[in-house]
Amino acid sequence: MDGGSYDESRRLSAFGQAPGLLALFGAPELRLTALNDAGRDLVGGSAGDLESALAEVLSTVHRTGEPRTARWSGHGTTLQLALAPWHEDGAVRGVVAQGLPAEAPPPARPAPTPDQTLVALQDALLPGGVPVPRGIRVAARYLLADEGVVAGGDWFDAVALEDGRLVLAVGDVVGHGVRASVAMGELRALFEERARLDGDIEAALELLDSRARRVPPARAATVCAAVLDPETGELVYCTAGHPPPLVVNAAGETTFLPASGAGPLASGLPFELAEHQLEEGDVLVLYSDGIVERPGRTAAQCTIDLAEVVSEAVRSGPDLERIDERVPERICREAIERLAGSTGVADDVTVLAAELVEPMPDLVLDYPAMPDTPRVVRAELAEWLDELQVGPLDEVALQHAVGEVVTNACEHAYPVEAQRGDALVRLVAHLDDEGVIEVTVTDTGTWRPPGEPGTRGRGLAMARGFADEFELHHGEEGTTARLRLRPTRSVGMLTASSTADPGREPLVVHERPGVLELVGTVDHRCTDELRRRIAHASYGGTVDLVVDMSGVTLLASAGVQVLYEAMAPGNGFAQGVVRLVAPLGTPAQHVLEMVRLPYATA
């Protein structure tokens, strides 16, 4: 198009309508010669102040020809500015500045109250999850009395033994407050360590009894301990001054087992044991006395109420809102929601349920070494882990570790010209008797060492970091990677913050001034897009940028590499700083902590 004046007018119109502040400072005095409409709104009548406040950095940019960043406050706003030399006809005609409103600092959080501190203490002393033993499905839920205003002395534990048996316990320390919480934590730790040796619950209770004789807050504490063999269904239990277990079958028929006759800790009574035979589909329910000693109800009424709720939970099946909820989870949830909700509770409530189920079969996958294979493997592994009800963070760890190993095999094990029928990757996932998941990934290709430091190639290192154990063997017949992880199922802790299940949706990026919000999966499929969005949002690295990863559901090594590049001091950018945000307990925080990338939690 000819009309140069027309082009000039369009440029001026675009300049005036640009978002944020756009300003020109003309040489040699470096006076403000042009300012866009949004800039006038931002600085108001403080344009002169802007000019004088930036005088030194303007002079530096003009003299050196190098870009700089600055911060300016006035007219009720704070601007983050990027300044660069203004070139025209081969000469430096001045300085151009671009500014965006800086984010306000987050409001200070109020200091925790003494009651909140007690609750946090007790929450930390209880197990964060229950194991995933082969042939048994376990669930637990805990409720603090008085809406959580004081910490109590209830505790529970579930310990998977090497021979496949499961030790279960629910205990109650008399009283509330710090002394009760500390005594509770000590008894639970002692019980777990002794029971883990050989499953001898009588010896474990004798150890607690010895300790309770020397620690007054632990005296008169009650415990119901049991050991269950999933292969035979044999149950051995002891009710040390504690309410007896409840058993419900698949038809919803309930039975309270007889008390074994033992007394509370430090009572001087022996710890007698009792036995019972469970069948597949039976659910064993242990609970604290808070649920059978509710206000306005007699102990007999409360006991009948508990049996009725447990029976209905089995017979009713899952509701539409909780279609994935299994029987033990439903029993624990409804026992607390319905019973505590109807009358309130005068003491803490703990419910621990264990169901005999068919052992989980192995997951065996054989796929060609194609770029899309890691995604397909992750989807099938997710279904297997969901059936096991593995906790969210453990699922994240396994998905990351397995995804990195499978990706490594697909990308590096076979040459490009290999036939699809010959370039195969096999995955076998197995849950052993002790509740440990072992995943083996094999290929028949050729091992190639990782690349130079600083390049991609962190995948195997990340896999090693996510697993409890990691082995890599390679030879003439191919490479075998074997990783082991002891997962847990999430516990319904009504005083603890919950962690959302990880999603598997594709990456979605939301952009606003100074902030990129990532939602979904960050893996090798979106690295180019992520690099482009970071460069765009940071104006080529000239302004600070916050990358909010709260909604990230999977962060693979390829995504980590992009973040490393953006945050490295020698990244080729100007003076902009990239900061990562990943709240505690999120998948991204788990990865960033492991790979030691700096991040903030809020």
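Let me start at Gly199, which comes just after helix α6 and takes a positive phi of about 75°; helices here are DSSP runs of H or I with at least four residues, strands are runs of E with at least two, and both are numbered from the N terminus. Please keep in mind that this is a predicted model, in which local features need pLDDT of at least 70 and side-chain atom pairs count only at pLDDT 80 or more, while totals for chains, interfaces and linings use all residues. Residues are numbered from 1 along each chain as its sequence is written, and side-chain values use heavy atoms, with hydrogens and water left out.

Helix α6 itself covers residues 178-198, and because its 21 residues should span 30 Å at 1.5 Å a residue, the 32 Å between its end C-alpha atoms agrees with that expectation; the expected span is 1.5 Å times one less than the number of residues. Which residues of α6 are buried? Among them are Ala180, Ala183, Met184, Leu187, Phe191 and Ala195, where buried means under 20% relative accessible area, exposed means over 50%, and partly exposed lies in between, with a 1.4 Å probe and protein chains only. As background, an α-helix has 3.6 residues a turn, so residues three or four places apart point the same way.

Let me widen the view to the whole chain. The protein chain has 15 helices and 27 strands, and buried residues make up 50% of its 602 residues. If we take contacts, meaning heavy atoms within 4.5 Å, between residues at least 6 apart in sequence, 66% of them join residues at least 24 apart.

Leu483, leaving aside residues up to four places away in sequence, touches several residues, including Leu398, Val402, Ile437 and Phe470.

Thr440 belongs to strand β19, residues 437-443, and this threonine counts as buried because its relative accessible area is 14%. Its contacts, again not counting residues up to four places away in sequence, are Arg426, Leu427, Val428, Thr480, Ala481 and Arg482.

Next, strand β15, residues 283-287, where 5 of 5 residues are buried. Val283, Val285 and Tyr287 are on one side and Leu284 and Leu286 on the other, so that both faces are covered. Strand β12 (residues 246-248) runs antiparallel to β15 and is joined to it by 3 bridges, and two strands pair if DSSP finds at least two bridges between them. Leu246 has Val285 as its bridge partner, whereas Leu286 stands opposite Leu352 in β16.

I will finish with the open sheet of 4 strands, whose order is β24-β25-β26-β27 and whose pairing is mixed. Its edge strands, β24 and β27, each pair on one side only. Between β25 and β26, which run parallel, there are 7 bridges, and Val515 has Val546 in β26 as its bridge partner.
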